[in-house]
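These notebook entries record what I looked up in the structure shown below. I took the topics one at a time.

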2 protein chains.
Amino acid sequence: MMIGKFYGIGVGPGDPELITIKAVKVLEKIDIVICPKSKKESKSVALSIAEDYLNKKAEILKLEFPMTYDEEKLNVTWERNSKIILDLLEKGKNIAFLTIGDPMVYSTYMYLLPFLKKKDINIETIPGITSFCASANKVNIPLASQEETLSIIPLRKNISEFEKVVDDYDNLVVMKPSTEHKRLAEILESRNLEDKFVLVSKCGTNEENISYDIDDLKNKKVPYLSTLIIKKGGI
Amino acid sequence: MMIGKFYGIGVGPGDPELITIKAVKVLEKIDIVICPKSKKESKSVALSIAEDYLNKKAEILKLEFPMTYDEEKLNVTWERNSKIILDLLEKGKNIAFLTIGDPMVYSTYMYLLPFLKKKDINIETIPGITSFCASANKVNIPLASQEETLSIIPLRKNISEFEKVVDDYDNLVVMKPSTEHKRLAEILESRNLEDKFVLVSKCGTNEENISYDIDDLKNKKVPYLSTLIIKKGGI
C-alpha cells in the first residue's frame, strides 16, 4: 500500500472565505482531518472555519496539545501525536492538519514538523492569511509601505522585549496582546502613541471588534484572538 | 444610479491556487478589473495569477504607475488614476484592483487608498498570501515560533537599516533582496549566518528557485520577486 501524504493547512484568521483555493481542493479529497485542541476548548476554532469545505467521508481526529511553553511537555505530546499520524499515513491515509492563520507563524503545527521530518514523509504545507494581514485589510491601513520596517512581536512574557524594540520600528504588530493589555497601553502612552494604533479582535467572525481607543486597550477585556497594529506615521 | 463598490484584492505570491475564496467570489461578478503595471512590464503579473477566475464580461483596465519612490511623481499619477476610478464608480461599476501578495504589505495599492478615502467610497480590501508566508510554507520552515520575534525589512536603499537591526531579531525576512544581494551575503557571512538562510525566488511559479547556498546569493542574479528568510536558530 502506498504511504499517505501529510498536509499542513492554514485556514486563515476566522472568516471561512479567507481560505485558499489550494486548501479547499485538499479538503475536498482528504481522508483524515486533524484539529489540534487544548483541554479547555470545547470546539476547535480551525475546524469551525474549514468544516464547510470538508468532504463527507473525511474522518475528524482531535489531537490534544498542552497549553504550555514547557518544551519537554510539548515534546512528549508531539512525539506521541506524531506516532498516531505516522501509523495512519502507513495505512495509506492522506491527512490534513488544520491551523488558524498561517502554519509558519506562531502555530502549534510547527512543533510537529521536526518529528515528521525525521521520517521520510511527503509533507506539503499550504499557507494561510495571517491575523495581522486580515486586520490591516479590514481597516484599510497599510502594514508597511515604501522603505518602512515592520516588526512582528508575540506578547507572552516578553513585554520587556517589546519595550526594547518599540522605538526602532516604523510599524509594529503585537500578537496576542490580551494578557498584557494594560501594560501595553501604558507603554504606548509613554511614547505618545495612544492614537497611533488599532486593536482588531476576532477578525472576520461575528464577534469582530475594532478599536482605536486607548481606554479600550487599557480597561476592557482583550480577547485571546486579537492583533494590535501600531503605525508611528499615523493610523 | 447606485455608485459602485471598490475592492482591493490580494492575489497571493504567484500560484493561482493561493488566492482566497473571497477574492474569487468577487472576481466572478466584477465589472472592471484594474491591474497596475509599470512601463517596463509587458504583462501584469497580478492579472496572470487571477485571470482564470475572471468572469467573461469583466473589462480589464491597465493603469500605469511609475517605478519610482519620488512621492511627488507618485502622487500626481495616483491622483490621475483615482479620478479614472471615481468616474467609473459613479457610473455604477464595481471595480477590483489587483495586487500581488497582500494589499497592505508593500503594495502599490496603498498609495491609491488616501485618494479614495477622501471621497465617501465603499472600499473592501481582501487580504492575500504574502511572499514570505508562501516561501516559509514551501520549505516547511517556521517564520517565528514561541516567543521569537520576526522582522520584515524591505531592501531598497536601506541596507544600512538591515545591518542595524540584523543582530536584534531571532528571525528576519528580507523583501526584494535582488539589488543588494552581494552586500547582503557579506553581512550574513560577517555574522556566521551563511548557513542560516533560505532564498526563495518566484515562489509557486514555473520559475521557482530555492537556495540555501551563500554562493548563489553572492554570485548569481537574484530575481526581483525573491524573499530571503534568516533564522538565527538554524534552518
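I began with chain B, where helix 3 and helix 4 cross in a right-handed sense. The model is a predicted one, and I kept this in mind throughout.

I next looked up the geometry of this pair. Helix 3 of chain B (residues 71-90) and helix 4 of chain B (residues 109-118) have axes that come within 9 Å and cross at roughly 55 degrees.

I then listed the residues in contact. Helix 3 of chain B contributes Leu74(B), Asn75(B), Trp78(B), Glu79(B), Ser82(B) and Ile85(B). Helix 4 of chain B contributes Tyr111(B), Leu112(B), Phe115(B) and Leu116(B). Sorted by class, this contact has 7 nonpolar, 2 polar and 1 charged residues.

I turned to the corresponding pair in chain A. Helix 3 of chain A (residues 71-90) packs against helix 4 of chain A (residues 109-118) at an angle of about 60 degrees, and their axes are 9 Å apart. These two helices are therefore oblique to each other. I noted a right-handed crossing for helix 3 and helix 4 of chain A. On the side of helix 3 of chain A, the contact is made by Asn75(A), Trp78(A), Glu79(A), Ser82(A) and Ile85(A). On the side of helix 4 of chain A, Tyr111(A), Leu112(A), Phe115(A) and Leu116(A) take part. I found 6 nonpolar, 2 polar and 1 charged among the residues of this contact.

I also looked up the domains of chain A. The domain assignment gives domain 1 (6-126) and domain 2 (131-231). The centres of these two domains of chain A, taken over C-alpha atoms, are separated by 28 Å. I recorded 8 residues of domain 1 of chain A in contact with 13 residues of domain 2 of chain A.

Last, I asked how chain B can be laid on chain A. A turn of 180 degrees with a shift of 0.0 Å along the axis does this, with an RMSD of 0.0 Å. That is the relation of a two-fold axis. Of the interface residues of chain B, 100% are also interface residues in chain A, so the copies meet through the same surface.

Technical notes:
Residues numbered from 1 in each chain as written. Chains lettered and ligands numbered in written order. Predicted model: local features only at pLDDT ≥ 70, side-chain atom pairs only at ≥ 80, totals over all residues. Heavy atoms only, no water. Axes fitted to C-alpha atoms, helices over the stretch in contact; angles between N-to-C directions. Helix = DSSP H or I, 4+ residues; strand = E, 2+ residues; numbered from the N terminus. Parallel < 35°, antiparallel > 145°, perpendicular 65-115°, else oblique. Left-handed = near helix turned anticlockwise from the far one by under 90°. Contact = heavy atoms within 4.5 Å. Nonpolar A, V, L, I, M, F, W, Y, C, P; charged D, E, K, R; others polar. Least-squares fit on C-alpha atoms with pLDDT ≥ 70 in both. Domains from an automatic or database assignment.
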